[in-house]
Amino acid sequence: MAKKIEYYDGRPILEANNSAKLIEAVEKFKMTNPDILLETPYVVRVKGKKIKDCAFYRCPDICVAILNDNVEMIDRGAFMSCTSLTNVVIPDSVTEIDKYAFWGCCRLKEIYINNQKLLKKVNFDQKPQILPL
């Protein structure tokens, strides 16, 4: 049985924990779902307990990052210079966000998070709207 495709705002959600895995996920999706249009930028569900240093650094192909419920830390530069990133969904499991995690994300408009105190020391090019989950 084929895996059910999840969507966010009309776009299929891809799973990856760094930009190299995103490329693999895109290729796999295209091979297994040739009838579904997959446009850039992508919606990505980020897996793993820690989003490592520069995991998606300068990845222009992400518009939305949805963090899995098991993510605990967003490391230095995890999404640095992701110029198409507009929305991030951060679950309650996250307990630490590096101050440069979103530096250079010039189009970041909304961050969905319940523990807004985690964002106090985070540097943004332009402060996004902070909304509860």
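## Basis

In this predicted model, local features need pLDDT of at least 70 and side-chain atom pairs count only at pLDDT 80 or more, while totals for chains, interfaces and linings use all residues. Residues are numbered from 1 along each chain as its sequence is written, and side-chain values use heavy atoms, with hydrogens and water left out.

## Nonpolar cores

A nonpolar core is a set of buried Ala, Val, Leu, Ile, Met, Phe, Trp, Tyr and Cys residues joined through side-chain atoms within 4.5 Å. Buried means under 20% relative accessible area, exposed over 50%, and partly exposed in between, with a 1.4 Å probe and protein chains only. The largest core has 37 residues, and the members that touch the most others are Leu 67, Ile 74, Phe 79, Leu 85, Ile 90, Ile 97 and Phe 102. At least two residues of this core come from each of β2 (11–16), α1 (19–32), β3 (42–46) and β5 (62–67); α1 gives the largest share, four residues. Helices (H or I, at least four residues) and strands (E, at least two) are DSSP runs, numbered from the N terminus.

Leaving aside residues up to four places away in sequence, Leu 85 touches Ile 62, Cys 63, Val 64, Ala 65, Phe 79, Phe 102, Cys 105, Arg 107 and Leu 108; contact means heavy atoms within 4.5 Å. There is also a second, separate core of six residues, among them Ile 13, Val 43, Cys 63 and Val 64.

## Helix α1

Helix α1 has 14 residues and spans 20 Å from its first C-alpha to its last, close to the 20 Å expected at 1.5 Å a residue. The expected span is 1.5 Å times one less than the number of residues.

Leu 22, Ala 25, Val 26 and Phe 29 are the buried residues of α1. They lie on the same side of α1, because they cover an arc of only 105° around the axis, the arc being that of the directions from the helix axis to the C-beta atoms. The buried residues of α1 pack against β2, β3 and β5. Ile 23, Lys 28, Met 31 and Thr 32, on the other side of α1, are exposed.

## Salt bridges

The structure holds four salt bridges, each a side-chain nitrogen of Lys or Arg within 4 Å of a carboxyl oxygen of Asp or Glu. One of them joins Glu 24 and Lys 21, with the closest N and O atoms 3.8 Å apart. These two residues are three apart in helix α1, about one helical turn. Glu 24 is partly exposed at 47%, and Lys 21 is partly exposed at 39%.

Another salt bridge joins Glu 72 and Lys 49 (3.6 Å, N to O). Glu 72 is in the loop between β5 and β6 (73–74) and Lys 49 in the loop between β3 and β4 (50–51), so the pair ties together parts 23 residues apart in sequence. Lys 50 pairs with Asp 75, the closest N and O atoms being 3.2 Å apart. Lys 50 lies in strand β4 and Asp 75 in the loop between β6 and β7 (87–89), so this pair ties together parts 25 residues apart in sequence. Lys 50 is partly exposed at 39%, whereas Asp 75 is buried at 12%.

## Cysteines

The count of disulfides is zero, a disulfide being a pair of cysteine sulfur atoms within 2.5 Å. The sulfur of Cys 105 is 5.1 Å from the closest cysteine sulfur, that of Cys 82, which is too far for a bond. For Cys 106, the nearest cysteine sulfur is that of Cys 105, 7.7 Å away. Cys 105 is buried at 2% relative accessibility, and Cys 106 is partly exposed at 35%.
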